[in-house]
Amino acid sequence: MANTPVTISLSACPICQQNTLYQTPHTCTDYVTKHTFTLLKCQACGCYITQGLSQLPSADYYGTAYYNSKAGKFSPLIETIFRFNHKRNARFFYQHFHPKTILEIGCGRAYILRELKQLGVQVYCLESAGAAEWILQNKEVNVVSLSTEQENGWPFEPEFFQLIVFWHVFEHLSDPITALEQATQVLEKGKVLCISVPNVSSFQAQLGLATWFHLDVPRHLFHFSKNGLIELLEKHDYEIIKVTSGDAIQNLFGWFQSLANLFTPSATNTLYRFLQGGTPWRTAAKLPLLIQVLTAIIWVPMGLIGYVIEEVTGRYGTVTVFAKKK
Ligand SMILES: [Zn+2]
């Protein structure tokens with residue numbers, strides 16, 4: 001769900017409410033628009049917040065150079081892998097939680113929901129009213145568009161849903177706390193909320209925050225640490241039932257691209273744009289790809305080692321938390 005970028009002015013951390021925010025020295029460049037952003041860090045919960053967002057309307061940050069098209073965000077081969085991965089996630093949800101109703105916040109091409117619908121689940125997607133037309137017009141998955149005025153009151157019956165999923169969406173929201181409170185209201189007691197986000201406390205993030213693939217400023221407004229996310233859910237009366245790395249492809253690619261970025265720090269994510277194809281690739285500089293490909297001999301083995309270390313230590317590039325509403 002895309003949001004209008006706003007400059008956040010803060011005294012306390014929105015995640016943990018402690019007065020422990022400070023300005024970090026990181027200057028991070030958006031690989032799409034080349035605009036630069038800074039980061040605040042909360043010493044207490046380890047989360048980061050993107051700063052300096054008032055430069056462009058959100059459409060410019062979420063344009064075709066980022067999303068590609070409704071046919072897919074990636075070239076056909078990568079899109080097939082992406083779809084397969086989401087179907088696997090959907091089956092995991094079904095086998096573990098047997099929901100009769102599911103709400104996904106921001107569903108994009110709705111691979112998770114379409115799979116669950118085939119399994120007989122009643123599927124709903126919540127999108128911001130400003131989302132792309134092809135997302136809002138998906139009749140298959142009951143897309144409900146939410147205007148800015150409705151953000152404090154989602155248009156569903158209380159406790160209607162048996163599973164609510166934020167799949168790589170929570171970090172995009174300008175007010176994730178309100179979204180969490182709204183989700184809690186429409187989630188049945190004893191049922192599960194699932195949030196999957198990039199993990200800023202992972203080793204791949206700490207390797208070089210400004211060139212970390214999953215930082216993705218300014219589309220990512222909040223950068224959650226694994227512990228910060230867990231504490232946030234516990235504070236909102238959830239019992240944590242499972243914490244996993246969630247997505248092997250995201251974690252491994254996070255390593256590869258973040259390491260490759262170290263060789264072309266002024267043109268990051270070139271390999272990713274190449275894999276996306278279409279407009280993202282057409283609008284990318286080509287020399288950095290050559291450098292990123294040639295240095296694969298270094299970053300492939302290093303990335304594999306990093307991936308294994310993250311899996312063993314639990315400091316994975318992305319983290320998925322399953323929490324039960326008390
Ligand atoms: Zn905090």
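## Close-up views of a predicted model

**View A. Ile-49 stands opposite Phe-222 of strand 9.** Strands here are DSSP runs of E with at least two residues, helices are runs of H or I with at least four, and both are numbered from the N terminus. Two strands count as paired if DSSP finds at least two bridges between them. Please keep in mind that this is a predicted model, in which local features need pLDDT of at least 70, side-chain atom pairs count only at pLDDT 80 or more, and totals for chains, interfaces and linings use all residues. Residue numbers start from 1 along each chain, following the sequence as written.

**View B. The open sheet contains 4 strands in the order 1-2-3-9, with antiparallel pairing.** Strand 1 (21–29) and strand 9 (222–223) are at the edges with a single partner strand each, so one side of each has no neighbour in the sheet. Strands of a sheet pair through backbone hydrogen bonds, in either the parallel or the antiparallel sense. Strand 1 and strand 2 (residues 36–42) run antiparallel and share 6 bridges; Leu-21 has Cys-42 as its bridge partner in strand 2. Another 4 bridges connect strand 2 with strand 3, again antiparallel, and here Leu-39 faces Thr-50 of strand 3.

**View C. Two hairpins link strands of the sheet.** The hairpin of strand 1 and strand 2 has 6 residues between the strands, and Lys-34 takes a positive phi near 70 degrees there. In the hairpin of strand 2 and strand 3, with 5 residues between the strands, it is Gly-46 that takes a positive phi, near 80 degrees.

**View D. Cys-47 belongs to the largest nonpolar core.** Such a core is a set of buried Ala, Val, Leu, Ile, Met, Phe, Trp, Tyr and Cys residues joined through C-beta atoms within 7 Å. A residue is buried if 20 or more other C-beta atoms lie within 10 Å of its own, exposed if 12 or fewer do, and partly exposed in between, with C-beta atoms placed from the backbone. This core has 77 residues, of which Cys-47, Ile-102 and Leu-193 touch the most other members. Leaving out residues up to four places away in sequence, Cys-47 touches residues including Cys-13, Ile-15, Cys-42, Val-200 and Phe-222. A contact is a pair of residues whose C-beta atoms, placed from the backbone, lie within 7 Å.

**View E. Helix 13 (residues 296–313) has a buried face.** Its 18 residues should span 26 Å at 1.5 Å a residue, and the end C-alpha atoms are 25 Å apart, which agrees. (The expected span is 1.5 Å times one less than the number of residues.) Trp-299, Gly-303, Gly-306, Tyr-307 and Glu-310 are the buried residues of helix 13. Looking down the axis of helix 13, these buried residues fall within an arc of 105 degrees, so they line one face of the helix; the arc is that of the directions from the helix axis to the C-beta atoms. An α-helix has 3.6 residues a turn, so residues three or four places apart point the same way. Helix 7 (203–206) and helix 9 (248–261) are among the elements that cover the buried residues of helix 13. Ile-297, Pro-301, Ile-305, Val-308 and Val-312 are exposed on the other side of helix 13. Just past helix 13, Gly-314 has a positive phi of about 80 degrees.

**View F. Arg-273 sits in helix 10 (residues 270–276).** Arg-273 is buried, with 25 other C-beta atoms within 10 Å. Beyond its neighbours within four places in sequence, Arg-273 is in contact with Pro-280, Trp-281 and Ala-284.

View G. His-168 counts as buried, with 20 C-beta neighbours inside 10 Å. Asp-237 counts as exposed, with 11 C-beta neighbours inside 10 Å.

**View H. pLDDT stays under 50 over residues 1–7.** pLDDT is the predictor's confidence in each residue, from 0 to 100. The protein chain averages a pLDDT of 88, and 91% of the residues score at least 70. Where pLDDT is low, the predicted coordinates should not be read in detail.

Technical notes. Contact = placed C-beta atoms within 7 Å.
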